[in-house]
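The sequence and coordinates are shown first.

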Amino acid sequence: MPRQGDSTREQIVVAATRLFYGEGIRAVSMDAVAEKAGVTKKTLYYHFTGKDELVAETIAARDQPTLELYMRWFAETDGSAADKVRGLFSRLGHSVNTPRWRGCGFLRTIAELANTPAHPAVKAGAAHKKRFEAWLATELHAHGVRDAAALARQILILLDGATTVMLIHRDLAYVETAGQLARGLVEAAQKTGRD
């Protein structure tokens, strides 16, 4: 059973995540976070030394759930490794195709804090992208795909590019096209492995 302090901290992180994602990090004050979380500023600062720590915590809190979502999508898609990779894009496209979607939270945070590359949230966002890449490389390797690490990096580039262009145009066709390209890359790698 979580301690009261743990649930208060989680309540603050949930409120901050919603605010930062919806309005942007720089636009949200600690006063707004305290109000949204239903805590006093004293309580907020008891749990977090400042905004930088809170921003980093919101990114770290989304890391594992986001990775688990991609793992589930991959596992639930039937077919070859190429089909499963294509399924990642298809499932992503359908999950983000809503008016409330504001883009990849990791990429948005990194972009907003680009002038402070040593910021803990930038490091947490970069670490998430690396974990995704390593997980995908492991999956591709397990499916007998050659050069799985290099291929996982290419797919990550396509995935991040697709989410960025989807944010710009709000057109699912961009995610679908990126998924077709990713599928083709996996099929070519599998064919090379058989030759």
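The text below starts with the overall fold, then turns to salt bridges and the pocket.

**Fold**

The model is predicted. Its secondary structure consists of nine helices and zero strands, in the order α-α-α-α-α-α-α-α-α along the sequence. Along the principal axes, the C-alpha atoms fill a box of roughly 65 × 35 × 30 Å. The chain has 195 residues, of which 43% count as buried. Among contacts with a separation of 6 or more, 67% are between residues 24 or more positions apart. The chain exposes about 10,500 Å², and carbon and sulfur atoms supply 55% of that area.

**Salt bridges**

Side chains of opposite charge can pair when their charged atoms come close. The whole structure contains eleven salt bridges.

| Pair | Closest N and O atoms |
|---|---|
| Arg183 and Asp83 | 2.5 Å |
| Asp160 and Lys129 | 2.7 Å |
| Glu133 and Arg153 | 2.9 Å |

The Arg183 and Asp83 salt bridge links distant parts of the chain, with Arg183 in helix α9 (residues 172-194) and Asp83 in helix α5, 100 residues apart. Arg183 is partly exposed, at a relative accessible area of 30%.

Asp160 and Lys129 form a salt bridge that joins helix α8, which holds Asp160, to helix α7, which holds Lys129, across 31 residues. Asp160 has a relative accessibility of 16%; the cut-off for buried is under 20%, so Asp160 counts as buried. Lys129, at 14%, also counts as buried. Apart from neighbours within four places in sequence, Asp160 is in contact with Leu107 and Lys129.

Glu133 forms a salt bridge with Arg153. Glu133 lies in helix α7 and Arg153 in helix α8, so this pair ties together parts that are 20 residues apart in sequence. Glu133 is buried, with a relative accessible area of 11%, whereas Arg153 is partly exposed at 43% relative accessibility. Elsewhere, salt bridges with shared partners join Arg9, Glu53 and Glu57 into one network.

**Largest pocket**

How much space lies in the largest pocket? The value is about 760 Å³. Its lining has 26 residues, and the closest to the pocket centre are Tyr21, Thr66, Trp101, Gly103 and Gly105. By class, the lining is made up of 13 nonpolar, eight polar and five charged residues.

Helices that each supply at least two lining residues include α1 (4-23), α5 (81-96) and α7 (120-142). Helix α4 gives the most, with six residues.

Terms used
Residues numbered from 1 in each chain as written. Predicted model: local features only at pLDDT ≥ 70, side-chain atom pairs only at ≥ 80, totals over all residues. Heavy atoms only, no water. 1 Å grid on protein atoms, 1.4 Å probe; cavity = no way out; pocket = protein on both sides within 12 Å on 5 of 7 lines; lining within 4 Å. Points joined across faces, edges and corners; volume = space filled by probe spheres on them. Helix = DSSP H or I, 4+ residues; strand = E, 2+ residues; numbered from the N terminus. Nonpolar A, V, L, I, M, F, W, Y, C, P; charged D, E, K, R; others polar. Contact = heavy atoms within 4.5 Å. Buried < 20%, exposed > 50% of the residue type's maximum accessible area, 1.4 Å probe, protein only. Areas by Shrake-Rupley, 256 points an atom, 1.4 Å probe, with all protein chains shown as cover. Salt bridge = Lys/Arg side-chain N within 4 Å of Asp/Glu carboxyl O.
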